[in-house]
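Please read them with the structure open beside you.

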Amino acid sequence: MTDTSDANKQRNRQIARNEEAKQVTGSIRVSTWAVAVFVIICGLLFTLGWLSLR
């Protein structure tokens with residue numbers, strides 16, 4: 001009975017570690033996209049502002 005309980009606890013810990021790794025990877029991916037979109041928008045606004053001043 002204790003072996004089954006320990007095995008379940010170990011399995012649950014492994015599942016939790018896997019889920020945490022997936023969440024970190026997803027967060028990094030979202031952050032990368034957010035930075036890329038921000039850079040593109042700032043580039044467009046800078047270009048439009050520069051062109052309007054010329």
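In which helix do Glu19 and Lys22 both lie, and how many residues apart are they?

1. Both residues belong to helix α1, which covers residues 2–53, and they are 3 residues apart, or about one turn of the helix. This is a predicted model, and the points below should be read with that in mind.

2. The side chains of Glu19 and Lys22 form a salt bridge, with a nitrogen-to-oxygen distance of 3.9 Å, and a search of the whole structure finds 1 such bridge. As the cut-off is 4 Å, I would state the 3.9 Å value alongside any mention of this pair.

3. Across the protein, buried residues make up 0% of the 54 residues.

4. As for the overall fold, the protein has 1 helix and 0 strands. Its radius of gyration is 23 Å, well over the 10 Å that the globule rule gives for 54 residues, so the protein is more spread out than a compact globule. Along the principal axes, the C-alpha atoms fill a box of roughly 80 × 5 × 5 Å.

5. The accessible surface comes to about 5200 Å², and carbon and sulfur atoms account for 65% of that area. The charged side chains number 7 positive and 4 negative, and the centres of these two sets are 14 Å apart.

Definitions and conventions:
Residues are numbered from 1 along each chain as its sequence is written. This is a predicted model: local features need pLDDT of at least 70, side-chain atom pairs count only at pLDDT 80 or more; totals for chains, interfaces and linings use all residues. Side-chain values use heavy atoms; hydrogens and water are left out. Helices (H or I, at least four residues) and strands (E, at least two) are DSSP runs, numbered from the N terminus. The radius of gyration is taken over C-alpha atoms; the globule rule is 2.2 Å times the number of residues to the power 0.38. Buried means under 20% relative accessible area, exposed over 50%, partly exposed in between (1.4 Å probe, protein chains only). Accessible areas come from the Shrake-Rupley method with a 1.4 Å probe; for residues, only the protein chains shown count as cover. Lys and Arg count as positive and Asp and Glu as negative; His and the chain ends are not counted. The place of a charge is taken as NZ of Lys, CZ of Arg, CG of Asp or CD of Glu.
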